[in-house]
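This briefing covers aromatic contacts, a helix with its flanking residues, and a hairpin. Please keep the sequence and the model in view while reading.

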Amino acid sequence: MVKGCCVHGCTANSMSNTDRNFYIIPKEAKRRDKWLRAINRAHVNKDGSVDRNRLWSPNSGHVYVCSAHFVSGKFMFIGIRIVLLIFH
């Protein structure tokens, strides 16, 4: 399956950008909220209008962010937990 980056304006995918890693948006609520705030995409209503007062929330559980959007480009391991390094 080809993974595509969900960050607005980024066209990276795992087929064309083999030098990048693709990280799935976490399911755990607090971490997911941090990621979605960092991604900062506006919510699109069913009628196609944009609501800039609401954050986008993906409908799928298979949504990715490419390593270009992280300070170091990778996760950091701390003990048994994986910690995401800060977005650009």
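Rings of Phe, Tyr and Trp (its six-membered ring) are taken to pair if their centres lie within 6.5 Å, and planes over 60 degrees apart count as edge-to-face. The model is a predicted one, and a search of the whole structure finds two aromatic pairs in it.

**Aromatic and charge–ring contacts**

- The ring centres of Tyr23 and Phe70 are 5.3 Å apart and their planes stand at 90°, so this pair is edge-to-face.
- Because Tyr23 lies in strand β1 (residues 22–24) and Phe70 in the loop between β4 (64–66) and β5 (75–78), the pair ties together parts that are 47 residues apart in sequence.
- Both Tyr23 and Phe70 are buried, and ring pairs link Tyr23, Trp35 and Phe70 into a cluster.
- A contact of another kind involves Arg41, whose charged end sits over the ring of Trp56, 4.2 Å from the centre of that ring.

**Helix α1 and its two sides**

- At the start of α1, the backbone nitrogen of Lys30 has a side-chain oxygen of Glu28 within 3.1 Å.
- Which residues of α1 are buried? They are Arg32, Trp35, Leu36 and Ile39, and, seen down the axis of α1, the buried residues fall within an arc of 95°, so they line one face of the helix.
- An α-helix has 3.6 residues a turn, so residues three or four places apart point the same way.
- Lys30, Lys34 and Arg37, by contrast, are exposed on the other side of α1.

- Asn40 follows α1 and is found in the loop between α1 (29–39) and β2 (42–44).
- Although Asn40 is not a glycine, its phi is positive, at about 55°.
- Is Asn40 buried or exposed? With a relative accessibility of 57%, Asn40 counts as exposed, because the cut-off for that class is over 50%.

**The hairpin of β2 and β3**

- Strands β2 and β3 (residues 50–55) run antiparallel and are joined by three bridges, and the bridge partner of Ala42 in β3 is Leu55.
- The hairpin of β2 and β3 has five residues between the strands, and in this hairpin Gly48 takes a positive phi near 95°.

Terms used. Residues are numbered from 1 along each chain as its sequence is written. This is a predicted model: local features need pLDDT of at least 70, side-chain atom pairs count only at pLDDT 80 or more; totals for chains, interfaces and linings use all residues. Side-chain values use heavy atoms; hydrogens and water are left out. Rings of Phe, Tyr and Trp (its six-membered ring) pair if their centres lie within 6.5 Å; planes under 30 degrees apart count as stacked, over 60 as edge-to-face and the rest as tilted. Helices (H or I, at least four residues) and strands (E, at least two) are DSSP runs, numbered from the N terminus. Buried means under 20% relative accessible area, exposed over 50%, partly exposed in between (1.4 Å probe, protein chains only). A charge sits over a ring if NZ of Lys or CZ of Arg is within 6 Å of the ring centre and within 35 degrees of the ring normal. Two strands pair if DSSP finds at least two bridges between them. The arc is that of the directions from the helix axis to the C-beta atoms. A polar contact is a pair of N or O atoms within 3.5 Å; within protein, one must be able to donate a hydrogen and the other to accept it, and residues adjacent in sequence count only if both atoms are side-chain atoms.
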